[in-house]
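Student: Could you walk me through reading the strands, helices and rings here? Show me the structure and let's begin.

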Amino acid sequence: MRLTINPAIFLAFFILPLTVFSQDKYNLDFDDFNPKEQKMPTGWFKWGFFENLSGEKISDENYAGKVVSDRNGKFGCITYRIPANYVGDTIKLSGRIKYENVKDYVGLLMRIDGYSKKRSLAFKSMQSLKIRGTNDWKEYSIQLPYPKNAKAIYVGGILGKKGVAWFDDFKVTIDGKDIQTLKETERLTLEKYDSGKLKSALSKSSSQLDLSNEQTIRNSLDSLIEKVGDKKIVAIGESTHGTSEFYHIRGIITKRLVEEKGFNLVVLESPYDDIEILNRDLNTKPLDSLIREHLFSIYQTQEMKSFLQWYKDNKSVNNIEFKGCDDSYWTFNELLKDRVNPINDDKLNILLKNLETNILKSSTNNLKKEFKISNSIYNDILSIENHLKSTNSLTMPIEEILFNGKNTYINYVSIKDKKPIQSRDEIMADRISFLAKESDKKIIVWAHNAHISNEIITDNEIGIMGRDLKKEFGKNYYTIGLTTLNGNYSYMDEKFINGDHNYTEKLKTVPFQPIEGLFWENALSENGNSFIVDMSTLTNELDTNKIIGPTKLIGYSKESEKDIYFLPLTKDFDCLIFIKETNATTPIFE
């Protein structure tokens with residue numbers, strides 16, 4: 001199993017108490033405090049393990065929050081909750097800190113939660129700065145993008161092992177405006193919005209999707225194909241990885257964009273190296289065998305095989321490429337050797353041998369050893385890249401392979417250098433962005449709705465891929481979400497999709513769980529059985545893009561309550577295709 005670290009996840013396990021605030025003022029300066037009756041200033045509470053959190057008088061009528069370390073765990077955080085009834089783009093926390101004999105770290109912390117079970121939308125801590133020792137009062141600050149679907153803002157002062165810290169004069173601003181005086185805006189939810197107005201707006205902003213046969217589907221997509229034909233990147237999503245109709249629709253859109261609009265690269269949410277090996281052997285090995293060896297089990301279906309057969313038959317005619325954007329630790333070395341073998345270079349051979357030796361050593365249960373070897377692998381890749389540059393032997397295909405190798409191992413280096421780690425979404429965005437640097441590339445991305453979304457969805461991670469690509473490419477990045485209400489879908493029990501290179505998990509089929517309450521899916525079903533919604537038109541008709549409601553985003557495994565997310569769906573996608581009743585994909589291997 002490879003290492004994935006999200007610092008927000010650890011804190012997400014704590015059950016957080018509700019706090020009562022005055023109508024127009026938050027106790028961010030800690031001064032609302034009666035030491036005779038309270039242990040901590042009003043509204044402040046404990047996160048973490050340390051027991052000695054309190055308020056302390058600093059001077060006349062001036063109090064501060066205080067955290068003292070003990071042996072009960074790794075950190076303590078004095079925390080305050082603010083309802084996220086505000087709008088804006090950037091949120092900033094500033095505050096003064098004084099500390100004594102700190103051995104680990106001290107700093108500010110901010111976490112923003114949403115409505116779903118996976119609550120964390122954004123997180124930032126000064127932990128990685130490793131501020132230590134003893135110092136008098138000094139002001140610090142951190143900031144985050146402010147999520148549109150936020151429910152609560154948590155701010156705090158955090159202390160690691162050993163030491164004492166005081167915190168005072170916290171200030172929260174959104175787009176530079178003090179939250180103490182900023183006007184509150186009530187969250188607009190599906191349940192509160194006028195259902196008649198929503199139904200009318202959907203009718204005016206959607207076009208029918210006729211699923212009768214292949215030709216009627218193609219005809220229904222005419223307007224969408226014209227709209228996206230000049231884009232740089234078109235990302236086509238899915239609310240489950242195991243829905244047959246989604247692959248059929250994606251296939252038709254993809255074929256038309258390739259044949260009619262000059263798109264020439266399809267990128268799948270799948271390991272980069274495996275897809276490269278699949279391409280290498282496409283004309284020499286049976287397609288079923290390649291799918292079994294190099295595609296995640298969730299993709300080992302008749303629907304994916306049909307698309308790959310089309311790709312194989314039309315690859316040369318349409319000058320089209322097929323690539324992956326996910327990590328793969330298993331075939332990188334094999335792929336690199338294939339590319340550089342024609343280069344007769346003794347020094348290069350030595351560098352390649354070093355890389356191969358380290359990769360063989362990296363399969364270990366010793367975490368410390370894994371970190372050390374993985375850092376060596378990253379440095380081996382850099383050495384190979386620099387050598388090829390110095391000998392003018394670095395071709396674009398080799399550079400691409402090396403780039404993906406560096407991205408695969410980058411987080412080991414980040415941890416060593418005490419830098420923020422990159423999430424899976426960030427790395428996938430980097431890979432797609434790298435491919436898009438070639439001016440003649442027009443790219444179609446096949447990935448889950450949760451990854452292609454224009455906004456971060458949750459955990460300060462899911463949705464970063466789409467957010468980053470939208471930020472970089474603007475209107476040239478266009479997202480098409482696909483969603484459904486009823487029917488069944490395929491899934492697999494193994495959640496860690498890239499934990500090993502044995503893609504033999506059996507696909508299973510199960511019906512969707514019934515929906516309780518008003519979800520986006522049943523609101524959409526009021527408009528018809530299958531249709532295409534233009535989100536910019538819908539936003540104009542609704543006069544807002546800030547309606548938050550629950551929706552399902554089911555990954556590789558079986559549906560659970562954790563797959564329910566509260567989202568402003570009109571902001572997350574540029575277009576949405578809804579099919580009321582859908583079916584599971586058909587496995588190739590039983």
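Student: Which residue in β4 stands opposite tryptophan 44?

Tutor: That's tyrosine 80. As a general idea, strands of a sheet pair through backbone hydrogen bonds, either parallel or antiparallel. Here β1 and strand β4 (residues 76-83) run antiparallel and are joined by 5 bridges. Two strands count as paired if DSSP finds at least two bridges between them. The strands (E, at least two residues) and helices (H or I, at least four) are DSSP runs, numbered from the N terminus.

Student: What should I know about the model and the numbering?

Tutor: Residues are numbered from 1 along each chain as its sequence is written, and this is a predicted model. Local features need pLDDT of at least 70, side-chain atom pairs count only at pLDDT 80 or more, totals for chains, interfaces and linings use all residues, and side-chain values use heavy atoms, with hydrogens and water left out.

Student: In what order do the 5 strands of the open sheet come?

Tutor: Follow β1-β4-β9-β6-β7, with antiparallel pairing. β1 (44-48) and β7 (120-125) are the edge strands, each pairing on one side only. On average, neighbouring strands of this sheet are turned by 25° against each other, direction ignored.

Student: How many bridges join β2 to β3?

Tutor: 7, between strand β2 (residues 52-59) and strand β3 (residues 62-68), and these run antiparallel. Leucine 53 faces valine 67 of β3. The hairpin has 2 residues between the strands, and glutamate 61 takes a positive phi near 60° there.

Student: On to helices: how are two packed ones described?

Tutor: By the angle between their axes and the distance between the axes. The axes are lines fitted to C-alpha atoms, for helices over the stretch in contact, and angles run from 0 to 180 degrees between N-to-C directions. Helix α9 (residues 332-340) and helix α10 (residues 346-361) pack at about 170°, axes 10 Å apart. α9 and α10 are therefore roughly antiparallel (over 145 degrees; under 35 is roughly parallel, 65 to 115 roughly perpendicular, the rest oblique). The contact (heavy atoms within 4.5 Å) includes Phe332 and Leu336 of α9 and Leu352 and Ile359 of α10.

Student: And how many aromatic pairs does the structure hold?

Tutor: 25. Rings of Phe, Tyr and Trp (its six-membered ring) pair if their centres lie within 6.5 Å; planes under 30 degrees apart are stacked, over 60 edge-to-face, the rest tilted. Phenylalanine 307 and tryptophan 446 make a tilted pair, 4.5 Å centre to centre with 40° between the planes. Phenylalanine 307 sits in helix α8 (residues 302-314) and tryptophan 446 in strand β16 (residues 443-446), so the pair ties together parts 139 residues apart in sequence.
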